[in-house]
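Subject: Handover of a structure and the findings

Dear colleague,

Please find the structure below, together with its sequence. The findings follow directly after it.

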Amino acid sequence: TIYTGGGADLITLSAGGKLIATNDVRNVCLYRRDTGKRFALTPGVAPSQPFDKNAIVSLQGMRWSQDGTLYVWARLYGGSGRIYAGDANGPRGVVTQVPQHWPDDNAAWAADYTIPDRDYADEIHANARHIVWWQNRGHGDIALMTATRQGKPRVLVAGHWELAESVFDYAASRMIYASFDGLIMHPLEGGEPQPIAGTQDGDQAM
């Protein structure tokens, strides 16, 4: 997932990268990379006048399900919410139900995992195999921590507050975090951390 234009635009890929979703604040569109077809998933954000309580005032967020469906949360002028969905076959329109099971919800076991000094742990995430979090060590020192279901906690990388904005890619079991050399992609299943080409010091994963 990347942000451009000072955070105004959001672009996110489906698992495997077959679909691209874009949110330009005005509406959400899906793009099929195999056919080049692009279609709008939501109506556009409406002007405040004339007032229409059923019109979209803002797009709150979007999320991929395991089957390649994109769900978009919208806020209406009347104060209620509405969820739109779509996939490679096109928009589905307004939906009333979303999946009860998301990829990162495999991790109910993580609630029972014993994290040392849990009061100083934050951004705890997990998938079916790995749990990750950042540990505040005091004086501005932070460590990114990880563990397997039966394993002991280990330090993935140590640094400072730039690590607080790290992203857990639950589908691929890897952490993405900032460094002086740019953004780093660090696999949890083994393998060496790799810099992400085109990034530089000061960039943050989002």
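Two strands are taken to pair if DSSP finds at least two bridges between them. Helices (H or I, at least four residues) and strands (E, at least two) are DSSP runs, numbered from the N terminus. With these terms, the hairpin of β7 and β8 has four residues between the strands, and G79 in this hairpin takes a positive phi near 105°.

Please note that this is a predicted model, in which local features need pLDDT of at least 70 and side-chain atom pairs count only at pLDDT 80 or more, while totals for chains, interfaces and linings use all residues. Residues are numbered from 1 along each chain as its sequence is written, and side-chain values use heavy atoms, with hydrogens and water left out.

Confidence

The pLDDT is the predictor's confidence in each residue, from 0 to 100. The chain averages 88, and 94% of the residues score at least 70. Over residues 4–8, however, the pLDDT is below 50, and beyond near neighbours in sequence this stretch has four contacts in the model (a contact means heavy atoms within 4.5 Å).

Strand β7 spans residues 70–76 and is mostly covered, with five of its seven residues buried. Here buried means under 20% relative accessible area, exposed over 50%, and partly exposed in between, using a 1.4 Å probe and protein chains only.

On one hand, β7 pairs with strand β6 (residues 56–64) in the antiparallel sense over seven bridges. Within this pairing, V72 of β7 is the bridge partner of M62. β6 and β7 form a hairpin with five residues between them, and G68 in the turn has a positive phi of about 85°.

On the other hand, β7 is joined by six bridges to strand β8 (residues 81–87), and these two strands also run antiparallel. In this pairing R75 stands opposite G81 in β8.

The open sheet

A further group of four strands forms an open sheet in the order β14-β15-β16-β17, with antiparallel pairing. Its edge strands are β14 (167–169) and β17, each of which pairs on one side only. Three bridges connect β14 with strand β15 (residues 174–179) in the antiparallel sense, and V167 has I176 in β15 as its bridge partner.

Salt bridges

Side chains of opposite charge can pair when their charged atoms come close. A salt bridge is counted here when a side-chain nitrogen of Lys or Arg lies within 4 Å of a carboxyl oxygen of Asp or Glu. By this rule the count comes to five.

One of them joins D24 and R26, whose closest N and O atoms are 2.9 Å apart. D24 is partly exposed at 22% relative accessible area, whereas R26 counts as exposed at 55%. Another is formed by the side chains of R32 and D34 (2.7 Å, N to O); D34 is exposed, with a relative accessible area of 58%.

R129 and E189 also form a salt bridge, with 3.2 Å between the closest N and O atoms. This pair links distant parts of the chain: R129 is in the loop between β10 (121–126) and β11 (130–138), and E189 is in the loop between β16 (182–187) and β17 (194–195), 60 residues apart. R129 counts as partly exposed at 45% relative accessibility.

Aromatic pairs

Rings of Phe, Tyr and Trp (its six-membered ring) pair if their centres lie within 6.5 Å; planes under 30 degrees apart count as stacked, over 60 as edge-to-face and the rest as tilted. The structure holds four aromatic pairs.

The ring centres of F51 and Y77 are 6.1 Å apart and the planes stand at 75°, so this pair is edge-to-face. F51 lies in the loop between β5 (38–40) and β6, and Y77 in the loop between β7 and β8, 26 residues apart. F51 counts as exposed at 55% relative accessibility, and Y77 as partly exposed at 23%.

W134 and W161 form an edge-to-face pair as well, with 5.6 Å centre to centre and 80° between the planes. W134 lies in strand β11 and W161 in the loop between β13 (154–159) and β14, so the pair ties together parts that are 27 residues apart in sequence. W134 counts as buried at 10% relative accessibility, whereas W161 is partly exposed at 46%. Finally, ring pairs link W109, Y113 and W133 into a cluster.

Yours sincerely
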